[in-house]
Amino acid sequence: MQKMLLAAAAGTFALHTAAAADDITVGSAAAVTGPIAELVVDIVAARNLAASHVNEQGGLLDGDTYRLVTGDSQCDPKAAVDTGTKLVNVEQAVMVIGPNCSGATNGMAQSVTIPAGVVMLSDTATAPSISDLDDNDLVFRVAPSDAYQGRSLAEFAWEHGYRMLAVTYANDDYNSGLAAVFATAFTELGGTITGNEAHEPGKASYRAELATLAAGDAEGLALFAYFGSSGITILRNSLENALFGTFLGADGMMDNSVIEQIGADNLRGNIMLSQPASDTEGASYKAFAATFDSPGAPFVTHGYDIAFLAALAIEKAGSTDRGLIASALREVANAPGMVIRPGEWAKAKDAIAAGEDINYEGASGAIEFDGNGDVAGIYSLNMVGDDGTWTPVN
C-alpha cells in the first residue's frame, strides 16, 4: 500500500520541483544511497505515508499541502551537509526530518540546520554524541541514544553466558560511540574485552584485523558496523577463515541482506542483534500497522513518527515560522494532553484549533523529549529464526 501512495505522490526518491504557494515544505533527508540504502526504502515510505494521512485529512493550517522533499544524505557527513544546504536554502524547508546515520546527522546539524535556526528531527540517529550538541534546542530524535542500546546489548550478552568478547567497530560516529558504551558496560558487568579495534569501512577484506582479534581466545565477536559497508564482509571473513563463529551486534546490522548473503544456516544460533523496538501490543503501533505493509521493518515506526510530529508542530505553531515550530515540537509530543495516535490527523487538527493540549503517542512508543531532545526506548534482541528471518527472542 505505502509503495503505491509514494509512487503516486512523486516517485520514491525523486527530488521535487519548486513548491507552489499552498505547499508547506519539510526536508526529508535520507540515505537513499550508501551502506543502508535497502533499509531506508521502507523508512522513507513510512514518512510519506504520514504526509499522506495529513493531506487526506485536511492538510496543514488552512488546507495547505504537506510536502516532503527527499534529499540523499548517503549516510555520509559531507553529503549530508550538501543535502541539508539544498533543503534549507534552496527548497526553503521549514524543518528537516532525518537524516539517517549519526555522522550525517552531526554534520548536517552543525554546519546547516543549527546555524539556520531550523529544527532537525531524526528517526535513526542514535550516537551518544548527538545529545551533547550545542544545538539551541533544535535537534531532536525519536530513536533512543546508544547510551542505552550499548548497555542493553551488554546485558543481553551477559545474560546469554558471554564472559570474554572481542570488539571491532567501524570508524564513524555511530559505531564508535556504540562500541565504547558496550565495552564499558560489559566490563562493569564482570566481562572481559579481549581486544577492541576500529576498522575502516569499505575494505575488500578484514582477515588480518580479525586474526589479531581472534588471538585473544574470545567467545565471540561484538561487531559494530553498517551491514552494507563492512559488516557482511567481516561476517564472511570470520566464518570462512574459522576466526569467529559467534557474533553480537546492533541495529546497523539489521537487514535481510545479511541473512541472504551469509546464509540462515550459518547464522542461526550464532548471531544476536539488538535494535530499538516498538510496543507491538500498543494501540498506536496497531494503528500504524493497519496502514503499512511492513510495520516490523527496522525504524519504520520511527520514520512515520517524525513525519507526523513535524506536521503537528507546524499546526501547533500556526505558522511556517521556523522559530515558532521549534518551540511547538515539545508541546505536541510531551504529556499531558489529548492522546493522538498515528493516522489521527483530523482529530489533532480539531483539538489544536480548539486550543486543547495534545500528546502524540507514536507508533514507536511514547515520545517524551528530555532536555537534550532525546527519548527513552525499549530494545529487542533478534536472532535468525526457523523461517530464516530476523526474529525477536525477548
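Predicted model: local features only at pLDDT ≥ 70, side-chain atom pairs only at ≥ 80, totals over all residues.
Strand E8 comprises residues 220-224. Five of its five residues are buried, that is, under 20% relative accessible area, so E8 is largely enclosed by the rest of the structure. In a regular strand, side chains alternate between the two faces of the sheet. In E8, Gly220, Ala222 and Phe224 point one way, whereas Leu221 and Leu223 point the other way. Residues on both sides of the strand are buried.

E8 pairs with two further strands. Strand E6, which spans residues 164-170, runs parallel to E8, and the pairing involves five bridges. Strand E9, formed by residues 247-249, is also paired with E8 in the parallel sense, here over three bridges. Ala222 takes part in both pairings: Val167 stands opposite Ala222 on the E6 side, and Leu248 is the bridge partner of Ala222 in E9.

One cavity of 30 Å³ or more was found. The largest cavity has a volume of about 110 Å³. Its lining consists of Ile36, Leu39, Cys101, Ser102, Thr124, Tyr174, Tyr226, Asp251, Gly252 and Phe299. By class, six of these lining residues are nonpolar, three are polar and one is charged.

Notes
Residues numbered from 1 in each chain as written. Heavy atoms only, no water. 1 Å grid on protein atoms, 1.4 Å probe; cavity = no way out; pocket = protein on both sides within 12 Å on 5 of 7 lines; lining within 4 Å. Points joined across faces, edges and corners; volume = space filled by probe spheres on them. Nonpolar A, V, L, I, M, F, W, Y, C, P; charged D, E, K, R; others polar. Buried < 20%, exposed > 50% of the residue type's maximum accessible area, 1.4 Å probe, protein only. Helix = DSSP H or I, 4+ residues; strand = E, 2+ residues; numbered from the N terminus. Pairing = 2+ DSSP bridges.
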